[in-house]
Amino acid sequence: MSEIGNIERVTQDRVVKLFQEELDYTYLGNWEERPDNSNIEEDLLKSYLLRAGYTEAQSKKAIFELKQVATDFNDSLYTTNKKVYNKLRYGIEVKVNVGDNYETIKLINWQDPTENDFYIAEEVTVVGSKTKRPDVILYINGIAIGIIELKRGIVNIGEGIRQNITNMQDRFIESFFGTMQILFAGNDSEGLRYGTISSEEKFYFSWKEDADDDSRLMLDKYLIKMCGKERLIELLYDFVLYDGGIKKLPRVHQYFAIKEAQKFVNRYEGGIIWHTQGSGKSLTMVYLAKWILENNPKARIAVITDRDELDKQIEGVFTDAGEEIFRTKSGRDLMNKLAQPSPRMLCSLVHKFGRKDVTNFNKYIEELEANPIQVSGELFVFVDECHRTQSGKLHRTMKAMLPNAVFIGFTGTPLLKKDKKTSLEVFGKYIHTYKFNEGVEDKVILDLMYEARDIDQRLSSPKKIDKWFEVNTEGLNDFQKAELKKKWGTMQNVLSSRSRMQKIVDDITLDFREKRLLRFGSSNAILVANSIYEACEYYKLFQNTAFKGKCALVTSYNPNIRDVTTEDTGANTETQKEAIYNLYEELLKEVVPQPEKTKAETYIDWAKNKFKTEPANMKVMVVVSKLLTGFDAPSCAYIYLDKSMQDHGLFQAICRTNRVAGEEKDYGYIVDYRGMFDNVGQAISVYTSELDMDDFESDDIEIMLQDRLDAGKKRLDNAREELALLCEPVEPPKGTLEYQRYFCGNPENEDDLKATALRRTQLYKKIVGFIRAYANIQEELSEAGYSPKEIKEIEKDLDYYYHLRDHIKKASGETLDMKTYEADMRHLIDAYIQADDPEDITPFEGMSLLDIVSNEGVAELIGALPKDVQKNRGAVAELIENNVRRKIINEQHINPAFFEKMSKLLNELIQLRREGAISYEEYLRRIAELAKNVNTGETDDTPPEVKTAGMRALYNNLDNNLELAIQIDSALKTNSPADWRGHNAKENVVKHELYQILNDVDEVERIFKIIKEQVEY
């Protein structure tokens, strides 16, 4: 006889036996009939305390005080639970007699888990406002610390989670949860989920460890992993956080990151923790900081970031988690605090290291290395977003100032090839990684849905443009005209035409009327503009829509009258700088600055808070680069990209939408107006791929450093030598006049200027090459092998050639003050470039980015389509077909009629392709449509009233009878008993409801099987 779907009792018996035989818990029995069950079993706790060496009187006092705290619900369950936890973790101060000293009574032995008494009881009847009976209770020393709600394998695990959440209500047995530290729900098919008294259903997490071990059911496997005595004690001691009103336990990747980091810390070795965007990196910092400070009395921690908003965020995270952290106000403040023994934990901006007025950086570093800061204690430096701050002068300054500090980098993005080497040199190797696809799989973050929208633009009258240009540029030489065309003819300026921007604003406005997540006010969106000027123009355009008053402009701009003192050209026009300044003056007119903040900072804080807390009243934020990192707003469902981005910046930006929110938010949505599919796909691929530099040892890193510096030195020497050779023919004494003659001839003679144009072009290019080669190793010239004298000579040459370039450009008339022409060129673009409505050009609409990227060749196909449609068509087609067929087979039982129809359509399409009856482009269009239908479970002709997966299954399997589907859906949701699956009597109630509508026994049985597969019923 099959064991599939065994009744809950069989599962519970096996679990209880597992705790006794494999975890060595003492079985207290079935307490269904036992009276006065409590979350603090006094006899058991007293027995432990006496065995631990406390007196009878001390034990009674400690138990009395614990019960006083555990039964005080004047505030909230959260407050009571937090107070109880503090008593469990730190002990209870007790004195028996008036003249005695206080002694700390430890209720749990945290140092030696095996010295505690672990118990398990089942069917524990608890009397509260109503009587409830949790399946299994875990006790440590008689204190109830965990509950396990079990369901049979065919019953959704969510029912067990909801049972825990319901029982915590004050109308049931809220008081019993005052001591609870961890809550479990499990079944034989889905395994185990865990949470706390604060966890919503979506925040009950799965554990994942030894994934290749499938020798037993996941439920049993992970109960053993999590409830083993040492692991459970460790979780409760090191990993419980009360964070701003929410009690938290670690996600599995956070736990193992801390375990690995502990090894590095014990060796005083630095490294990098890469946890993907949105996976709780800041809390990982808190866990690690707490552990270091508690286990090393000499330890100090400095959390360093590179942006003011991140600095504020770090301070807020630590403060909410109950950890004191001091936010430094200046570089001097930072140095002073480091030299003192307290505070033990502080946060600062990386820019507060070092001075701004350094002329000889290498000499400055030498001075710092000779006189480092005297730090009190052993300093551990946490560097947030270390992929941005891992190299450069600031970092070298930090290392020179704090030579004995241990540097640990935290990043939400992997180190790409161009910055891996410098990052490894600064921090060392990876400590722990948690990739994007792992976060999606674990439901820690949401997958991303990508949509490309193309806006065609065209010149309305090329002849008029040419004529206008000639009239308005009279008096300019050929070079100056070319420069003007080059600046204003760039793709960027064309893309910033008012016509195109208006189309994008209209497009976003339409989305808020049509898109499911946007139209009801619970979600909002970010628009990323390419520049502050464009962001301002977008903001102005939104003021003419329904978004007026519900749109904010968030950029780094802080208006200052100095910005426009040299802008007025006298032509009664507005330059871009003036446009920005004037808008901000109007925007901030009514803003009252908060203490120690500017008007702009106060406005941004207001906008961010409103965006997060009132999405219906702050629908769109227009940004450029601010808020694209470190800004967590679960309400943000859409990001619109009108800025060319790549690598770290692109991935961090699109991940603003991937935070888990309500049940309605299924994906984070990306709308791309810049055709960046290849960039997006590449970014996602990098962020889901295995790393190739995890195993580098310190010796390898030293070799890499030297190789890079050798290459940099060679490049700099060559660039300098090439410039010297180019200038060698200049006549002595090689002064200003001689250089001018060689590179310009007679500047007043047009023929001379044309004859020497090639020389000037070579000069400009080689000077730029010299500047870049110098900048590449500017901070490491000494390490590259240059002596102090040689460094001075290089820097002297650099300054000389830089000024030479400016002089030659001015002498030859090859400079142009663009400001005079700015307003005219903007008018030209706005007047003569017309934009069409956005067109969706996403090849696989409705498939998530992770699906596309990981779907065995689909991503490669999509990325290749615009470039090389001919590439291995048959192989790619079969890969797509196999993926679609696999999805159909896997989900056939959920919606038989629909997937049978999809299977037929797939077979027909395959036949057409093989016979060559349709073009490859048509095949791709149709297979994309089919893949979308299979993925969503619906087709374009599905009625709008059919809103859920369950309704779709009913509609499809009732011959598309909409009225009947709605009737059955309503009856099931209204009249179905709780936990009806696997319970014969309750299943008969459901069948009776179906019979009332269908009046056919066979039809009832057929539809009943389908209904059992629908989670919502």
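At what angle do the axes of helix H39 and helix H40 cross? Roughly 150°, and the axes come within 10 Å. Before going on: this is a predicted model.

Let me place the two helices. H39 covers residues 962-975, and H40 covers residues 984-998. An angle over 145 degrees counts as roughly antiparallel, so that is the label for H39 and H40. The crossing of H39 past H40 is right-handed.

Now the residues. On the H39 side, the contact uses Leu964, Gln967, Ile968, Ala971, Leu972 and Asn975. On the H40 side, we have Val989, Val990, Glu993, Leu994, Ile997 and Leu998. By class, the contact of H39 with H40 has 9 nonpolar residues, 2 polar and 1 charged.

Next, helix H6, residues 218-227. H6 is mostly covered, with 7 of its 10 residues buried. Which ones are buried in H6? Leu219, Asp220, Lys221, Tyr222, Leu223, Met226 and Cys227. What covers them? The cover includes helix H1 (8-21) and helix H7 (229-238). It also includes four strands: S7 (136-140), S8 (143-151), S9 (182-187) and S10 (191-195).

Stay with Cys227 for a moment. Its relative accessibility is 0%. Buried means under 20%, so Cys227 counts as buried. Cys744 also has a relative accessible area of 0%, and is buried.

Last item, disulfides. How many does the structure hold? The count is 0. For reference, a disulfide is a covalent bond between the sulfur atoms of two cysteines.

Note on methods: Residues are numbered from 1 along each chain as its sequence is written. This is a predicted model: local features need pLDDT of at least 70, side-chain atom pairs count only at pLDDT 80 or more; totals for chains, interfaces and linings use all residues. Side-chain values use heavy atoms; hydrogens and water are left out. A disulfide is a pair of cysteine sulfur atoms within 2.5 Å. Buried means under 20% relative accessible area, exposed over 50%, partly exposed in between (1.4 Å probe, protein chains only). Axes are lines fitted to C-alpha atoms, for helices over the stretch in contact, and angles run from 0 to 180 degrees between N-to-C directions. Angles under 35 degrees count as roughly parallel, over 145 as roughly antiparallel, 65 to 115 as roughly perpendicular and the rest as oblique. A crossing is left-handed if the near helix is turned anticlockwise from the far one by less than a right angle, and right-handed if clockwise. Contact means heavy atoms within 4.5 Å. Ala, Val, Leu, Ile, Met, Phe, Trp, Tyr, Cys and Pro count as nonpolar, Asp, Glu, Lys and Arg as charged, and the others, Gly among them, as polar.
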